[in-house]
Amino acid sequence: MTIVFTEVVQYLINGIAQGAVYALIALGYTMVYGILKLINFAHGEFYMAGAFFGIVAFSVLGLPPALGTIAVMVATGLLAVLVERLAYRPLRHSNRIAPLITAIGVSIVLLEAARLIAGAHPRPFPQLFENTVYELGTWMPALDGVILQKTQLVIFFTTLVLMALLWFIVNRTKWGRAMRALSVDFDASQLMGVPINRVIAFTFFLGAALAGAAGLLVGMYYNQAEPYMGQLAGLKAFTAAVLGGIGVIPGAVLGALFLGVAEALVVGYGESSYRDAIAFAILIAVLMTRPWGLLGKPERVKV
Amino acid sequence: MAEALSPQGQECLLKVEKLTIRFGGLVAVNEVDFEIRKGELLGLIGPNGAGKTTCFNLLTGVYAPTSGKILVDGREIQGLAPHKVAALGLARTFQNIRLFKELTVLENVLVSFHFDRGYNFVSALLRLPSFHRGEKRLREQAMNLLRSLDLEQKAHVPAKSLPYGEQRKVEIARALATNPKLLLLDEPAAGMNPVETARLCELIQNIRAQFQVTVLLIEHDMSLVMKICERIVVLDYGNLIAEGKPSEIRTNPKVIEAYLGGTINVTEPEAPHA
Amino acid sequence: MTGYLSLVFELAPLFLINVILAASLNVINGFCGLFSLGHAGFFAVGAYAAAGFTVLVAPEFTAQSPLIALTLACFIGMAASALAGLLVGIPCLRLTGDYLAVATVGFGEIIRIVLLNTEAVGASRGLPGIPDIVPLWFTALATILTLWSLNNLIRSSFGRSILAVREDEIAARSMRVNVRFYKTLAFVVGSMFAGLAGALFAHDRQFIAPNSFGFMVSVQALLMIVVGGLGSQAGAVIGAVIVTAIPELLRLHPALAEIRMLIFGLIMIMIMLWKPDGLIGVLRSLLRKPLKPERAHG
C-alpha cells in the first residue's frame, strides 16, 4: 500500500466534508446532554426531517437556496421545540430511564411518519445548482488528480458559518450564557432565576436547526433523502460526540472531524464495507480507555 | 461518663502517619499524624472544610492518599479498596445517611452479614436445605442485633420511611453487623435536637460496652463531643492543630482561633470531667 | 372463536419467551440498577448456540430424542450467553451510567456483526431448518422455572447484595460488598436467562438471522421492564405481555396494520408520560394486594 500525497488530500477533503455533517448533528446531541444529561435518541430524526423539509422548501415551494435553508432550519428547530414540550418536559423530574424510552418512542414516530408520508424508498432531492467539479491540479500541480466538488465547498462554507454563529450565540449572548450555566449547575441556575424552560427549548431549537441544516446539506450532496437516513448518521454523530467528550461543545466538532476523516481513510485504504464498523470500533475504544472523551473531564463523586 | 469505660490498655489499633491527600491544587489533608487506641472513643473535630470526612474517606479506602500511611495492627492499608478495608474491621456511617432505601431495616442489616451466609449460589437459586438453614441463622443474628439497638419493631419497615433519627440508628446497626474493630461515625448527631442527641450519647456508650468496639467520631455538636469523647484530635485546613483530652482542647488557643476566633460554644455538661 | 383460540396458542410461546427475556433484563437493569442496552446480543448468542447444537452439531440425536436434545440445547444456549455476558461485562462494568449504556449498545451490535459474518451459521442468510421440537408446556415450564429461580435469587443474600449495589454503591462497599463482583453476577445471570429465551425463540421460529437481534430488540426488552415497573419481577411479566400484545393486536386490524409501528411509538410515549415508574404501581393499587408477611409495614 503506497501512500500517495494526492490520495491522502482527496481522502481528507472527503473526510472533512463528511465530518462537517457529523459535527452539525453531534452538536445537538452534546448541547442537550450537557444541560439535561439526556441522550436524545430522536435527534437523528431531526437530521432526516431537515432533508425532507428541504425537499418541500425547494421542490414544492421553490424557495431560493439561502432563504430555503433558513426556513428548513427554523422548521426543524420548531419541531424539536414541540417534541421537547410534549414528550420530554413532563418527564424532567422523573427517573432517568423514562425520558430515554420516550425519546426512542419519538424516534419511532418521526421515522414512521416520514415513511408513511414519503414512502420507504429514497426521494429525489432537487438540484439547486450545477455541481461544478474543481480540479485542484490546475491551481497547484502538486495536487494533480484531487477534485473538490462545489457541493463540498457549500458544505464547508455553510458549516463554518453555522459554527461561527453557534460560537457567537454560546459565548457572547445572554442565552448562551444561560445554556452554559445550566450545563454546569442546573439547580443553582434555576435558583438564580434562569428561565429553565425557555433556555432548554432554545437549546433544542439550536441543536435541531443545526441537524436540519446537516440533513439539507446531505440531501444536496447525494441528491436524495430517505426516512432511515437518520438512524445510522445519528449513531455515528453520537459516537463523535462521545469521542470528543459528551457535553463539551468543541469536543463534538473535534470528534466528528476525526470520525469523518477516519471513515474516509478506511474506505480509501482498507475495506469500504468496514466503513460503518469504524464508528463502533472508535466508540468501544474510547469507552474502554477514556470514556469522558478527548476534551472532557472525569467525574468525581462526592462522598 | 468517660471514666466508667476506660480503654482496654493503651494498645494502638490504628495509626496514621504523615497522611496527605491533594485534590488538584488543594491539599485537603496535610501530613496528619495520630493514632487510635483500642477501646477508646476518639473525637475528630474541626471547622467546616477541615478535612474530617476526607480523613474518614482515606481511612475507609474511598480515597487513596497522595502520600503517607495508615496502619491497622501494623499492616498498611492506605489505598486498599473499601470492601477490603471493611474486611479488616473498619465500619462506618456517612454524613448524609446512605441506607439502602428500598430495603427494609432487617434487609439493610442482612446485607452486612453476607459473608457469613453459609450457602452458595446454586443453593440460593434452587432453595436447597442449606439455604434455609443459612437464612434462618442470618435472620436470627440480624434480629438479635436489631433487638439490642431497640429496632426490633421496625425490622420489616422500608428504610426510607423511618424518621431521621431512626435511620441513623439503622446505619449504625448496619455498620455494627460487619463485626468491626473500629467504628467510624460521621456526624451522627447532625440534624438532631438535644433530646435525640442525648439518646445518641447513650446509644454510643451502650454500643461500646456491648460490642467492645473502638469508636472514631466526627462531630460538630461540641456538647456531645466534650461529653463522651475520651480524647480529641483537631483538624484545621487539613492540618492537625491539637490533640488531647476534652478539657485540654476546650482551652487550647489554637483550637479556639480555628473556630472563627471566638470561644467554642459549649454548654457545660452536668458531671465534672477529668 | 376457535380462530382466536388458535391464535392464542400460536402466539403464546412468543409471550412466554418475552417474559423470560424481560425477567432476565430486569436482573441487570432492575435489580442491579445497571443500564444495559445490548441485551439483544445475549438473546442472539443463546439462539445461535442452541440452534447450532440441534441443527449443525447433533441433528440425528435431535431427531431421535427431541426433548432431551432441546433441554441440552437450552443449557448450551444458557452457558454460551452466560459466557458472553462475562466477556462483555468485564470491560463494560467498569463504566457508569450512560457510558455503560452506550458500551453495551456497542457490544450488542458487535455480536450481531460477528454473527453476520460467520459463515458457519449462515451469516446474513441466517440459519434455517431449526427443528420444531418445542411443545408449549416446555416453554411454559421454562418460564415458570425462570421466574421462580430469579425470585429465589433476589430473596437471598446474593439478591440483597445486588440490590444494595443498586441502592448505594458506596455504602455497599463499606459493608464489604464487592460491588464489581455483584454487578458481574447480575450481568451474567441476566445474560444467561436471555440465552434461554433465545434458545426457545430459535426453536419456536425454525429460522433465525442476525438482523432479528438488532438494537430495537434491546429497546423492546427495556421497554417491557420499564412499562411494567423497573425492579419488579411482576412488572417485567406485565410489561412483557403488554409490549408483546400491542403490535400483535394492531397487526390484526387491516386498517391499523400499516401504521402499527407509528401507533406503537405513540403508545410508548403515552405510557411513559402517564406512568413513568411503570404500570405495576397501578396494578397494585387496583388489586389492593396485601403485601407478603415478611414485607408487611410495621
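Predicted model: local features only at pLDDT ≥ 70, side-chain atom pairs only at ≥ 80, totals over all residues.
Phe23(B) sits across from Leu26(B), a residue of E2(B). That pair belongs to a hairpin made by E1(B) and E2(B), with 2 residues between the strands.

**The hairpin in chain B**

- The two strands involved are E1 (residues 12-23) and E2 (residues 26-37) of chain B, and they pair in the antiparallel sense over 8 bridges.
- In the turn you'll find Gly24(B), with a positive phi of about 65°.

**The open sheet in chain B**

- Chain B also has an open sheet of 6 strands, and the order to trace is E6-E7-E8-E3-E9-E10.
- The pairing in this sheet is mixed.
- E6 and E10 (239-244) of chain B are the edge strands, and each has a single partner, so one side of each has no neighbour in the sheet.
- Going from one strand to the next, the twist averages 20°.
- Inside that order, E7 (residues 182-186) and E8 (residues 214-218) of chain B run parallel and are joined by 5 bridges.
- If you want one residue pair to look at there, take Leu183(B), whose bridge partner in E8(B) is Val215(B).

- Lys69(B) lies in strand E4 (residues 67-72) of chain B.
- Is Lys69(B) buried, exposed or partly exposed? Lys69(B) counts as partly exposed because 15 other C-beta atoms lie within 10 Å, while a buried residue would need 20 or more and an exposed one 12 or fewer.
- Setting aside neighbours within four places in sequence, the contacts of Lys69(B) are Glu17(B), Glu76(B) and Gln78(B).
- Asp33(B) is 36 residues from Lys69(B) along the chain, and their C-alpha atoms are separated by 9.3 Å.

**Where chain B meets chain C**

- How many residues of chain B are in contact with chain C? There are 35 of them, and they touch 25 residues of chain C.
- On the chain B side, the elements giving two or more residues are helix H2 (82-87), strand E6 (90-92), helix H3 (105-112), helix H4 (121-126) and helix H5 (129-148).
- By residue type, the chain B side splits into 18 nonpolar, 8 polar and 9 charged.

**Chain C overall**

- Chain C has 14 helices and 0 strands, so its pattern along the sequence is α-α-α-α-α-α-α-α-α-α-α-α-α-α.- For its 298 residues, a compact globule would have a radius of gyration near 19 Å, and chain C agrees at 19 Å.
- Along the principal axes, the C-alpha atoms of chain C fill a box of roughly 55 × 45 × 35 Å.
- Buried residues account for 54% of the 298 residues in chain C.
- Of the contacts in chain C with a separation of 6 or more, 79% involve residues 24 or more positions apart.

- Met261(C) is placed in helix H13 (residues 260-274) of chain C.
- Met261(C) is partly exposed, with 18 other C-beta atoms within 10 Å.
- Leaving out residues up to four places away in sequence, Met261(C) touches Ile108(A) and Glu112(A).
- Within its own chain, Met261(C) is 15 residues from Ile246(C) in sequence, and the two are 9.7 Å apart from C-alpha to C-alpha.

**Chain A and its helix H2**

- Chain A has 11 helices and 4 strands.
- The radius of gyration of chain A is 19 Å, close to the 19 Å from the globule rule for 303 residues, so chain A is as compact as a globular protein of that length.
- The box filled by the C-alpha atoms of chain A is roughly 60 × 50 × 35 Å along the principal axes.
- Buried residues make up 49% of the 303 residues in chain A.
- For contacts in chain A between residues at least 6 apart in sequence, 76% link residues at least 24 apart.
- Helix H2 (residues 43-60) of chain A has 18 residues and spans 25 Å from its first C-alpha to its last, close to the 26 Å expected at 1.5 Å a residue.
- H2(A) is mostly covered, with 15 of its 18 residues buried.
- After H2(A) comes Gly62(A), which has a positive phi near 60°.

Key: Residues numbered from 1 in each chain as written. Chains lettered and ligands numbered in written order. Contact = placed C-beta atoms within 7 Å. Rg over C-alpha atoms; globule rule 2.2 N^0.38 Å. Expected span 1.5 Å × (residues − 1). Nonpolar A, V, L, I, M, F, W, Y, C, P; charged D, E, K, R; others polar. Pairing = 2+ DSSP bridges. Axes fitted to C-alpha atoms, helices over the stretch in contact; angles between N-to-C directions.
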